[in-house]
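Please look over the sequence and structure below. A short report follows.

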Amino acid sequence: MKLLITNGHVIDPAAGQNSGKDILVEDGRVAAWLASSDERPSDAAIIDASGLIVAPGFIDMHVHLREPGHEHKESIASGCAAAVAGGWTSVCPMPNTNPVNDDAAITRYMIEQAERAGLANVFPIGAITKASDGTELAEMGEMKAAGAVAVSDDGRPVPNAGIMRRAMQYAADFGLPVIDHCEDKSLSSGGVMHEGKVSLLLGLKGMPALAEEIDVVRDILLARDTGAHVHIAHISTAGAVEAVRRAKSEGVSITCEAAPHHFTLTDSAVAGDGGESASAYDTNTKMAPPLRSEQDREAILEGLRDGTIDAIATDHAPHHADEKSLEYDRAPFGITGLETAVGLAFTELVHKGVIDLVRLVELCSTNPARILSLTGRGTLVPGSVADITLLDPEHVWAFSVADSRSRSKNSPFDGREFRGKAITTIVAGRVVFNERG
Amino acid sequence: MNTEKPYRRRDLLGIRELAASDIIGILDTAENFREISNREVKKVPALRGKTVINLFFESSTRTRTSFELAAKRLSADAVNISVSSSSLSKGETLLDTAANLDAMAPDCIVVRHSSAGVPHRLAKVSRAAIVNAGDGANEHPTQALLDAMTIREHKGQIDGLSVAIIGDIVHSRVARSNIHLLTKLGATVRVAGPRTLVPKDFSYLIHDQEFAPGAKPLEVCEHVEDAIRGADVVMILRIQRERQDSAYFPSLREYSIHYGLTNERLDLARRDAIVLHPGPMNRGIEIASDVADSSRSLILDQVKYGVAVRMAVLYLATGGSAVNS
């Protein structure tokens, strides 16, 4: 089975490619790049990518697919449907399922469920500690053998520096990156939004930037000590970005990701300062880490621009409407993000001149593949897996939660208009989403 | 759900949302209702046929009684509902509760909740006028209004006064509502207390108001004495015992020594300064007993004016017109 993607503009930073090329896909892999003079195979299905960017498939290295255990919020199938509709060919689910993904059997189950759904690739992230309770190490070697690509206790970060040190030493033996949601809960406990002027105004308990920064600095020291690769999840404060920037310049093996809501919104959204449909105390502005100050948002933009931040990851965190209907301080943390991330990245980053298209592809594909050692992905060089995202930078559209593929509708971006969209999503040579019908 | 409010129905979510003229309108209306409570027959027909639901998710004897009496003295039908917040998490959401109450067509829902923002969320989905009777650490507008009424009674006006607010500022809805109200009406407010309970940048609270250049309508003081010095009004906040358990200060004893209002500290204020406390008091902790019982303390006046202020608020929320003085 052959597929020819013609007339597109190929951006593949890993291959140094940024020009018009036709791509021939055969048996799920990239077979060749064709110049205009090369002969076209007559038996290939054609995708006309005129006006589109042809990029290596986007990889979201931070999602919550809720299966097993919380299928009322999301399933692997529904999460993957949302992923491919948003341009993501691969997603990495965090282990906070029920039971926690701290065991090879659960890792395998997740991958099998994804294969059954037949949409996006799922590369699970295993737990650092058993049940993510921060005490005993989970069987990382076994989970890696089953297909896990990293370890993390995400929302229940390991508080004990001694255990985290051993976890890093052990993970390094298996070449597994350690992903950390940096939050010292002794500083943030009870908090429901960023601690700052807006929390004062609204009478809501704040989570200080310090709670994130203290853990980032701890992890930098531990990474230097252990030689493990540390990846900071959803970095959100100016101080944390600066700490990572300095650590990188000193040669520490560290990377980090930013979530679209953190480069788009600030804590003023909690007060309802987000357009005419926004209202104060909307629980779709509640996530961890929280929406920060404008100064923090600007630091995220600078980190995305200068390379301090390596990846854009959604932290897609579906929650049922009943849960999000609770009082602001009782509602769960998190928002969906798979279907809005690319629109936000184009609208807030590319079209505002923060980054160019090459950098966009690095952030969404090249770098996540490199950090997670996903060989044959994050590039379109011949021989690589034919995971491909076709993007229209000029497509104007509006997101509507009513049309979302996710089982959950907890997005603060309902009704928001974007310029730029993933038009076609191809996984292993198969079209799994196509905006053009 | 149709959430458009019938003609002239108005929410009272906080003082922050009000203009100075709105505040004065409520206070002047309350003045008019004051004498009703002194009559032999303490009832007027102003709200006859209207239904007021007191929806209290947090226990409160005084505020609930005050709202109930206010409704009854205006001839409204008042229903009290006490909901333990925990029963909500067992199934029915906050918005379910609101929708069910709304279906019974009340004219006004008075709501108190331990979570900030609950009245704002209810106002979005309810056709009844929503009156905030205290939401978490956010606002307690009727408390600020009754404090203002007490101050006006004793000082003539609020414009130009210097008001000290002492205690747990960051967790206090009383402080927030009072600061909004007093600064909107031209007073200067100085706040003080342990640094753990008084954020340095608290003056951001009133950032969206406009003041004369150089004016410092809200000042965070390093010492209690600095806040009290020269004040016309000293407002003492109730200290919650659980703050000690969360390491905001070491002990109630130490709090009373360093931050409590004693006669010595009160001597720093103007000679005719008055003392307010939203109650219930911890005698000997945030306020010395002899101060609480002195003639300068107007704590029972506050309670008395509470009924008149809530009559005015219920009357205006359900369609009455403000008195123009």
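Are Phe249(B) and Tyr255(B) buried or exposed? Both are buried. This is a predicted model.

**Aromatic pairs**

Over all chains, the count comes to 6 aromatic pairs. Two of them are set out here.

| Pair | Centre to centre | Angle between planes | Class |
|---|---|---|---|
| Phe58(A) and Trp88(A) | 5.9 Å | 55° | tilted |
| Phe249(B) and Tyr255(B) | 5.2 Å | 50° | tilted |

Phe58(A) sits in strand 8 of chain A and Trp88(A) in strand 9 of chain A, so their pair ties together parts 30 residues apart in sequence. Phe58(A) and Trp88(A) are both buried.

**Strands 8 and 9 of chain A**

Strand 8 of chain A covers residues 58–63. Its cover is plain: 6 of its 6 residues are buried. Strand 8 of chain A pairs with strand 9 of chain A, residues 88–93, in the parallel sense. The pairing runs over 4 bridges. Val63(A) stands opposite Pro93(A), which belongs to strand 9 of chain A. Between strand 8 and strand 9 of chain A, the chain passes through helix 1 of chain A, residues 76–85. This β-α-β crossover is right-handed.

**A surface patch**

Leu187(A), Leu210(A) and Ile214(A) form a nonpolar patch on the surface. Together they have about 230 Å² of accessible area. Leu210(A) belongs to helix 7 of chain A, residues 209–226. Why does Leu210(A) count as partly exposed? Its relative accessibility is 45%, and partly exposed runs between the buried limit of 20% and the exposed limit of 50%.

Definitions and conventions. Residues are numbered from 1 along each chain as its sequence is written. Chains are lettered from A and ligands numbered from 1 in the order in which they are written. This is a predicted model: local features need pLDDT of at least 70, side-chain atom pairs count only at pLDDT 80 or more; totals for chains, interfaces and linings use all residues. Side-chain values use heavy atoms; hydrogens and water are left out. Patches are made of residues with over 30% relative accessible area and no salt bridge: like charges are joined within 9 Å, nonpolar side chains (Val, Leu, Ile, Met, Phe, Trp, Tyr) within 5 Å. Accessible areas come from the Shrake-Rupley method with a 1.4 Å probe; for residues, only the protein chains shown count as cover. A salt bridge is a side-chain nitrogen of Lys or Arg within 4 Å of a carboxyl oxygen of Asp or Glu. Helices (H or I, at least four residues) and strands (E, at least two) are DSSP runs, numbered from the N terminus. Buried means under 20% relative accessible area, exposed over 50%, partly exposed in between (1.4 Å probe, protein chains only). Two strands pair if DSSP finds at least two bridges between them. A crossover is right-handed if, with the strands pointing away from the viewer, the path from the first strand over the helix to the second runs clockwise. Rings of Phe, Tyr and Trp (its six-membered ring) pair if their centres lie within 6.5 Å; planes under 30 degrees apart count as stacked, over 60 as edge-to-face and the rest as tilted.
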